[in-house]
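Student: Could we work through this structure together, one question at a time?

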Amino acid sequence: MHNYLSLLKIFITEKFSFQNRKRRKINSGLGAIIFFLVLMLLVSVFVNYGVLDAYKRNNIAEEYPVAVLGIACSLTFISALFRANSVLFSLKDHAFLTPLPLKKSTIVLVKLTTFYLEEMIFSLLVMVPSIVFYGMIDPTYIFSGIVCMLTVPLIMVLLSIVLGFIITLMLNRFTAMKIITTILYIAIFTAYIAIVFIISYDTNGTQMVSTFSYLYYIFPFLQWAYAAMINHQFIYLLILVALALVSSGLLIALYVLFYDKLYQALFVQEKKRLFKSSDIKAQKSYLSLIKKDLFAILDNPMLIIAFLVGNIIAIIIPISIYFSSKSMEINSEELILFNQIMTLILPGLIGMMCALSNYTCFSITLENNRLWIVKSLPIKSFDYFGMKLIINQLPGFIFGIASGVISIVLFKFDVLSAISIIVIPQLYILLAGVFGLLINLKFPKLNWSTYNEIKNSPSAMIFSFSSMIAAIILTAIYFILGLFINVIAAFSITLVLLIAGIIALFIILSKKGKTLLLQIEC
Amino acid sequence: MNSKYYDKYLCVTEKLLVSCKVTNCHDKLWSEVKFMLEIKNVSKRYKGGAFANKNITLEIQDGEIFGFIGPNGAGKSTLIKSIVGLHLFDEGEISLDGLTLKKDDVEFKKKIAYIPDNPDLYENLTGISYLNFIADIFNISKDERTQKIDSLASKFEIKNDLGNKIKTYSHGMKQKLSLVAAFMHNPKLLILDEPFVGLDPKASYIVKELMKDYVSKGNIIFFSSHVLEVVEKLCSHVAIIKKGEIVFNSKIQDITNNESLESFFLELTEHA
Ligand SMILES: Nc1ncnc2c1ncn2[C@@H]1O[C@H](COP(=O)(O)OP(=O)(O)OP(=O)(O)O)[C@@H](O)[C@H]1O
Ligand SMILES: [Mg+2]
């Protein structure tokens, strides 16, 4: 028990620590995370309120708790599946923990506890506001909702751990698996986002119910949750608790029992390859630098996904909006208005989504304890930064323009709007790229061991939040100007704002960037 | 010696070399130019800590192997990191033949090679792609790098491993790979932080021979070490650092005429 608590403490503090020049290690990391969570909670409150309101207006309020539970479950499932690989089955962790005089069960319990606690954040964020709102309608939901919130996502976490292990195993075994897994992950993610979009754009809610009925077939315990929450058959709560306890007990027992075998299976021997003198190739120095970074990204499916996710969403958004608008019964006049609104919203939205897959905000962190190499080589710091910005712009350039062209065709953009949907996202990605680079230079996290620490690092979090807020403000300006004045004014003012922002950040980068890079101890 | 004169000479020869693309007489021409590493009043303090380097002044002439010794935590790695531009130092200036680190950092770094005490390399690259990367940065032609990699890698017996990923390398193999990378671009100043840790006897012998050969061409080697026997045999000069300050800096003969370096070191670092 004592061992369990001290190891748990190490695991949790490790999660929140990051390099800080002022050496206030734990506090500042925790501060950033709390800030992030509070903002997420606010968003969740608004969304929950809106959804409940829509359900009430359609007289299907009783579907709301299950819908929320379904969203919480799927979020937990996706996140746990994506993270199990690096959090639970990291061999570095294993090498550090195994020689310690700890029981395997302690290690397993600590690992699973931290994992579960982290994954619970999603269901807490999504469900706590719903418990408050729906609890006012049906007080028994306060009890049944809390029980469901604690148990049902746990079952999802357990499921994703099993799947995550299988994926990790395949990943380590076959090089080709890396590509397949990446594609698989991206496919799961795309499908997931598409479903969420179709659901949220559906106006009368019936489709949402029917979509969730598929979920009922796949996960019968959602039906039990329904019975408990809506029909007040509280016996099902007991069943859910029992199911959660039994399945986690079973997983822990299996994990402990096959602990050694499991890690043995995960360990891979690299294939040896003989050196040929044709391997010696000369390249331009900047290409070589770019290649080095691309290799670092392509090495891990999680990073590829982080690198592409926003861009894929950017493609899905106009398509799914288009199809959900098809299912709406609106006349041609309304359709014109709808298209006009889309021309005003999409440039900012696409820019925001592409910029979400930012690379620069973890590009310095990605160097890890090998930062000394580039720092001791004769590379101009501005060339180095420029190369990071190019890599950052690359996917956004392809996906952003593709998404722009799709939008132009689907929503019949006029010439000026067409120019703006191509230009604005690109400029926004550049702006976000320079900003991300500065943030990462300020808050790097070197000496990480799992890729997860990169995505959870303060610089990545601060970046995604500020970038989203900036994009929303920009979209609002564009929308309001476009609606009340005209598109020319909207486009030119947004353009001026973006370019001014880019120039300002570039000036900061050229003045401070080199010093910031030198200040990172490595 | 007029340093301005040498600056000009350096500039002209460099331009000449680049424009003629003469690589054969590269070494010979450079050897006629005098180089000098100057460390002037360098102080470095880590955030929230005491001084790790305090007012350090060292002057190293070409053709010297300079040994830098001191107890653990004395500030050796800290000074070395300042010289190679890994971090900012609070005061002072470091220059290599008129090129100052604070102003002309890129030109400065073109003339140096550095190997840290812990060679963390790009684990997912193969040995050869790492060497290619370094050679690309230094603009080394394909023929030259083929020839260098051939001779150096065979010398260190890692040629057959170059096709493998660095993550499969042992500590010593990584050390050897970074040595190959360091010698590849003919640095004027070679800076090594504890280079003999983890090397097998044969490899350390080769490194020592390479080092001697290298300074005979007018280059400078600056290295820190805890192996005093090696320092005693190899170095022409030695400096001892203690708690961030230089407590001794002189020719090695000044010590070894009377006593062994080891007893001198122990005396010096224990008293005062
Ligand atoms: N990143 C850092 N942040 C804060 N203090 C540091 C950092 N790196 C080193 N120090 C401190 O600076 C002092 C000098 O450290 P340095 O690494 O230069 O010693 P060293 O002479 O190389 O020792 P060793 O022989 O063990 O390699 C030590 O007191 C150390 O605690
Ligand atoms: Mg050291």
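**The interface and the ligand site**

Tutor: The contact (heavy atoms within 4.5 Å) takes 41 residues from chain B and 38 residues from chain A. This is a predicted model, in which local features need pLDDT of at least 70 and side-chain atom pairs count only at pLDDT 80 or more, while totals for chains, interfaces and linings use all residues. Residues are numbered from 1 along each chain as its sequence is written, chains are lettered from A and ligands numbered from 1 in the order in which they are written, and side-chain values use heavy atoms, with hydrogens and water left out.

Student: How much area do chain B and chain A bury between them?

Tutor: Buried area is the accessible area (1.4 Å probe) that two parts lose on being put together, summed over both. Of the area buried here, 61% is on carbon and sulfur atoms, and the total for chain B and chain A is about 3,800 Å².

Student: Which residues in chain B lose the most area to chain A?

Tutor: Three residues together make up 16% of what the chain B side buries. They are Leu86(B), Tyr122(B) and Ile137(B).

Student: How many salt bridges does the rule find across the interface of chain B and chain A?

Tutor: The rule asks for a side-chain nitrogen of Lys or Arg within 4 Å of a carboxyl oxygen of Asp or Glu. One of the pairs joins the side chains of Glu521(A) and Lys44(B), at 3.2 Å from N to O. Across the interface of chain B and chain A, the number of salt bridges is two.

Student: Which helix gives the most to the side of chain B that touches chain A?

Tutor: Helices here are DSSP runs (H or I, at least four residues), numbered from the N terminus. In chain B, α4 (105-110), α5 (127-137) and α6 (142-155) each supply at least two residues of the side that touches chain A. With seven residues, the one that gives the most is α5(B).

Student: Why is the site of ligand 1 described as shared, and between which chains?

Tutor: A residue counts as near the ligand if one of its heavy atoms lies within 4 Å of it, and 14 residues surround ligand 1, with Gly73(B) and His226(B) among the closest. Because the surrounding residues come from both chains, the site is shared between chains A and B.

Student: How far is an oxygen atom of ligand 1 from a polar backbone atom of Gly73(B)?

Tutor: A backbone N or O atom of Gly75(B) lies 3.0 Å from an oxygen atom of ligand 1. For the polar backbone atom of Gly73(B), the distance to an oxygen atom of ligand 1 is 2.8 Å.

Note on methods. Polar contact = N/O pair within 3.5 Å; in protein donor to acceptor, adjacent residues only side chain to side chain.
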